[in-house]
Amino acid sequence: MKETMGQIIRRLRKERGLTQEELAEQLGVTCQAVSKWENDAGMPDISQVVPLVAVFGVSADVLFGITGTTAEEEVWKIVADADNIQRYGEPDTYLAAYDVLMEGLKRFPNHLILMNRCMNLGLSLSLPENGWIYAGDRAGRIAFETVKQANYIAANSKNISDVMRARQALVFLYCAEEKFDFAIRQAQDFPTRTDFTLCSHMAMVEEHRGNYQREAAYLCTDIAYALQTLEDNAVRLGKAYYHDGRYHDAIEVYQTYFGIMKAIFKDDCPPPYHDFDSGDCYLLLAQAYLAIGEKEKAMDEVENAVRYYLDLRSAYDETRISWKRMMRAPLVRETENLAYICKEVIQARLLNKLSDEAIAPLTEETRFIALLDEVKRI
């Protein structure tokens, strides 16, 4: 049966990971209007057709159901194939996934969905500091392609989040290439204030609507992102002090950070916000303790880093961890933490942590050996 326009709009919105509120925000209409379209209780005004096709990245023919969506479905199949190839801790699988995406771009040149996937994976493969996933001999060529993709996305995407992510990728890549003037130009395009976000402004809208439950949800989500930003900045500050030889200052930064998290989350278990792309705060604190000769304290933090994931495994399903947890802290109470992690990934992640060169001086310690054996038995 042929899809109605409402069904097409709903499908395209979901394929792009947008909520009705986010689509309405991008189009400058109400959430109720989008809901009416998707339920075929009304149709978009003719003035909304061009913005709709721009957001979805399709032709007007697709929106009106005049032509099939074979190409779009094929793009998402390529993305799914690439995702299914990847195995944590196995760099060759990530390179294979990257090759699948790049072949997809040959078939569908400049397709923004494929371009975004290539850019994000290419960034991981391009930078030496990304550890095991670094592409080695292929990294230079991948970085070259990733710069082109990021520039294209920044110039052509209508999604502000994608544009900012592309600019962030360019900052990373230009810094790695020591093209600092180029990196500065990209950095200067970021907002100065941290409250220029979708969630903070949607919360304002809901406040004026009198929908305080939705307002609270938006604000909790925004604060959750702010806490991730705090973690990232704390890690980078601690690293800066560490590399400057100011080890005690680095320790104080990490201890203060954990103190803040403890005050916010109290008895929440497992403790959130300590292990993001910027690094694991526990391991970084251990590294700083080692720099001043405090091996026992360093070992305490290594155990904390590992215990986080071991506690997750014991708390949830034994074979495939699947949980949906409401955080207990009032500041992020309305934010759900949904994740799926299989035990093999947890084991690979922990073995990777325990092989970190920063904590190499601890590998002969009795406590370290016992911890490693526990991880191997997962």
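Which residue lies over the face of Phe182? The points below answer this and go on to other rings and helices. The model is predicted.

1. Arg185 is the residue over the face of Phe182, at 4.9 Å from the ring centre. A second case involves Arg349, whose charged end sits over the ring of Tyr88 at 5.4 Å from the centre of that ring.

2. Tyr88 also belongs to a cluster: ring pairs link it with Tyr94 and Trp132. A search of the whole structure finds nine aromatic pairs. One of them joins Tyr94 and Trp132, with 5.3 Å from centre to centre and 75° between the planes, which is edge-to-face. In general, two values describe a pair of aromatic rings: the distance of the centres and the angle of the planes.

3. What does the pair of Tyr94 and Trp132 tie together? Tyr94 is in helix H7 (residues 91-107), while Trp132 is in the loop between helix H8 (112-126) and helix H9 (139-156), so the pair connects parts that are 38 residues apart in sequence. Tyr94 counts as buried because its relative accessibility is 12%, and buried means under 20%. Trp132, at 23% relative accessibility, counts as partly exposed.

4. Tyr308 and Tyr309 form another edge-to-face aromatic pair, with centres 4.7 Å apart and planes at 90°. Are these two residues buried or exposed? Tyr308 is buried, at a relative accessible area of 15%. Tyr309 is buried too, with a value of 5%.

5. Helix H7 can be checked for length. It has 17 residues, and at 1.5 Å a residue it should span 24 Å. The expected span is 1.5 Å times one less than the number of residues. The end C-alpha atoms of H7 are 25 Å apart, which agrees.

6. Which residues of H7 are buried? They are Thr93, Tyr94, Leu95, Ala97, Tyr98, Leu101, Met102, Gly104 and Leu105. Tyr94 on this list is the residue of H7 that pairs with Trp132.

7. Tyr254 is placed in helix H14 (residues 247-265). Its relative accessible area is 2%, so Tyr254 is buried. Leaving out residues up to four places away in sequence, Tyr254 touches Ala234, Val235, Gly238, Lys239, Leu284 and Leu285. Lys297 is 43 residues from Tyr254 along the chain, and the C-alpha atoms of the two are separated by 13 Å.

How values were computed: Residues numbered from 1 in each chain as written. Predicted model: local features only at pLDDT ≥ 70, side-chain atom pairs only at ≥ 80, totals over all residues. Heavy atoms only, no water. Helix = DSSP H or I, 4+ residues; strand = E, 2+ residues; numbered from the N terminus. Buried < 20%, exposed > 50% of the residue type's maximum accessible area, 1.4 Å probe, protein only. Contact = heavy atoms within 4.5 Å. Phe/Tyr/Trp six-rings, centres within 6.5 Å; stacked < 30°, edge-to-face > 60°. Lys NZ or Arg CZ within 6 Å of the ring centre and 35° of its normal.
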